[in-house]
Amino acid sequence: MTADLAISVRGLTKDFGSHRVVDHFDMDVPKGAIYGFLGPNGSGKTTTIRMMCGLLTPESGTGQCLGFDIIREAQQIKEHVGYMTQKFSLYEDLTIRENLDFIARMYRMKDRSAKVSAALADLGLTNRAGQLAGTLSGGWKQRLALAAAMLHGPQLLLLDEPTAGVDPKARRDFWDEIRRLSAQGVTVLVSTHYMDEAVQCDFIAYIAYGKKLISGPAGDIPALVGLTTWRVEGPDISGLEARLRKTPGVDQVARFGAVLHVSGKDKAALAQVVATERAQGLHQWHEQAGGLEEAFIYLMAGAPDTLGNDGAAAGGA
Amino acid sequence: MGFSFARFSAVLVKEFIQMRRDRITFGMMIGIPIMQLFLFGFAINSDPKHLPTLVEMADQGPITRAMLMAMKTSDYFAFEGIVTDREAGDRALRDGSANFVAVIPPGFERDVIRGLSPQILLAADASDPSAAGNAVAALSGIVSTAMAQTLTGPLRATAPSPAPFSVTVHKQFNPEGRTATNIVPGLLAIILSMTMVMITAVAIVRESEKGTMETLIATPVRPAEVMLGKITPYILVGYVQTLVFLLAARVIFDVPFLGSRLAFFTGFNLYIVVNLALGFLISTVTRSQMQAMQISFFTLLPTILLSGFMFPFAGMPGWAQVIGNAIPATHFLRITRKVMLKGAGLADISHDLAAIGLIMLVIVAVALKRYRQTLD
């Protein structure tokens with residue numbers, strides 16, 4: 001366990017009753033990184049995050065978080081970690097200032113009122129500090145929760161689907177804030193199932209059924225998944241989509257408006273399909289670089305959601 | 001890192017703010033107990049008077065009149081009319097329009113004068129024994145007193161002869177036998193138990209249900225700081241309830257407070273703590289405010305029925321007394337009655353204090369074991 005890792009866990013396993021929610025999970029989060037934690041609903045992301053900050057005790061496995069043992073030193077971890085829950089979990093019947101003040105007291109912060117006032121000013125909520133937190137809109141609640149999680153100046157932020165149900169503008173602002181914090185040296189572990197958020201991360205781990213399927217630097221993921229992707233445009237795109245889905249060598253067809261992304265594990269077989277199609281001269285084919293998005297669609301299709309939604313629908317092929 | 005007074009007081013302040021903002025619950029904590037005190041204090045009467053009575057008169061005369069008049073002045077019987085035959089009397093008992101039917105047989109006056117000891121029948125609706133009991137018990141005394149006054153002169157010989165000795169009953173602690181004197185001190189035990197257990201359980205479960213518990217335990221706060229911070233405001237609520245209650249008992253219901261204040265105060269504090277601990281325990285085994293309310297409610301019935309509040313404890317079978325003894329209200333009820341009505345001091349209630357203390361130890365031990373700092 002090296003000093004430049006904010007989180008390092010090995011073999012984390014958690015059962016709820018007879019149901020195994022997290023199964024021998026390993027993860028290394030380098031200090032200062034934005035680490036994306038992806039997976040469908042019910043895949044065990046929240047449970048894993050809770051084990052990392054000492055809110056749940058794993059059945060087996062070991063790990064450290066900021067140099068503290070996740071089982072024996074949960075109390076110290078809590079002092080140095082900022083945790084933002086999936087559901088808004090500040091007090092809706094307290095005002096914005098009262099909520100921040102309460103959190104500040106929980107961490108026994110010095111200069112409490114100055115720090116709370118500064119946080120309110122950063123949020124742009126100074127004028128609304130006396131408003132009940134429950135009356136804030138979804139985006140504002142998210143920003144308040146982030147401010148609360150950051151109030152005591154933690155070195156590590158654990159964000160559990162922080163932007164679920166928030167409008168695109170608020171999500172963009174939220175990610176600007178996360179990048180700003182990261183630039184200041186804060187390590188961020190963020191779970192999400194938004195593709196556009198995944199591409200903003202330095203590292204990514206993908207989890208399904210409580211098992212880690214893949215992890216590594218964001219740029220390496222497409223290579224790790226091993227997909228080759230072609231981009232197609234042209235007339236009767238729906239007809240082409242239907243035909244390609246039945247064509248051997250094509251593992252996945254994802255549609256983006258009038259454009260298809262056609263992917264396959266077997267590069268040569270896919271090239272053969274492309275050559276055949278190109279010979280008809282109807283569509284424009286371009287080989288696509290990167291392909292992180294296709295890689296995730298492929299992973300999701302391979303590991304359908306335990307709750308039976310998204311996954312398969314987003315997958316296509 | 002031990003107990004942090006700063007975090008404890010932060011939880012305390014937060015709880016007060018939330019309590020203040022939740023006006024309905026706040027009103028319930030103070031308003032409902034007072035309402036119940038008035039309602040039950042005035043409504044419950046275990047010695048009912050003015051029970052509707054009919055008379056079937058097959059004969060009448062001065063002796064009959066004197067006897068009926070004596071029954072009426074006893075306040076137990078309110079004569080509502082005369083029935084002419086047996087069926088009408090039975091019908092009135094069955095449909096509840098009368099609790100008693102007194103039957104004066106034909107030739108009653110004549111038979112009395114002849115010394116034949118004729119019988120008067122008092123048909124009573126005993127489906128509710130406690131409603132009929134006192135009136136029936138009082139009847140023979142009423143009749144013999146009335147007859148002793150009426151059957152004078154030559155009729156003296158026919159009057160019932162007095163017993164060779166007399167028994168003097170000395171009704172202590174509640175000489176007038178007023179129900180309110182008995183009910184009001186007991187009601188304090190019931191109302192405190194009801195509000196303290198339920199409010200504490202709900203206040204804690206609310207944190208889990210709304211998800212705020214997750215934020216709370218992700219901070220370095222300790223279980224003891226949360227527990228004490230959440231419970232202390234409700235201790236104060238218990239104090240306010242009791243103060244209002246004692247005032248009302250004195251001013252409105254004229255219930256005395258004869259015993260040691262220290263004894264009362266000691267028992268009362270112990271009782272509040274045991275109820276809060278019970279509420280805390282309930283909160284650790286429930287997942288929603290609704291469940292917490294339901295379980296609190298289920299503890300209420302045995303508290304009312306088996307504690308000796310409604311029915312005499314001594315009248316319960318042994319196994320029921322064992323259950324009753326495990327209920328904190330049983331012991332606090334004895335403390336309030338002993339201290340307020342019988343003038344008891346600390347020494348007189350030491351057994352009850354020990355019992356509550358024991359129950360408290362068990363509850364606190366289980367509650368602390370159940371409450372964890374993690375979400376598993």
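Which domains does the domain assignment of chain A give? The domain assignment of chain A gives domain 1 (5–218) and domain 2 (223–315).

This is a predicted model, in which local features need pLDDT of at least 70, side-chain atom pairs count only at pLDDT 80 or more, and totals for chains, interfaces and linings use all residues. Residues are numbered from 1 along each chain as its sequence is written, chains are lettered from A and ligands numbered from 1 in the order in which they are written, and side-chain values use heavy atoms, with hydrogens and water left out.

**View 1. Domains of chain A.** The bounds come from an automatic or database domain assignment. Between the C-alpha centres of domain 1 of chain A and domain 2 of chain A the distance is 34 Å.

**View 2. The contact of chain B and chain A.** Chain B contributes 29 residues and chain A 27 residues, contact meaning heavy atoms within 4.5 Å. The two chains bury about 2700 Å² between them, 57% of it on carbon and sulfur atoms; buried area is the accessible area (1.4 Å probe) that two parts lose on being put together, summed over both.

**View 3. Salt bridges between chain B and chain A.** The rule (a side-chain nitrogen of Lys or Arg within 4 Å of a carboxyl oxygen of Asp or Glu) finds two salt bridges across the interface. One of them joins Arg50(A) to Glu214(B), with the closest N and O atoms 2.8 Å apart.
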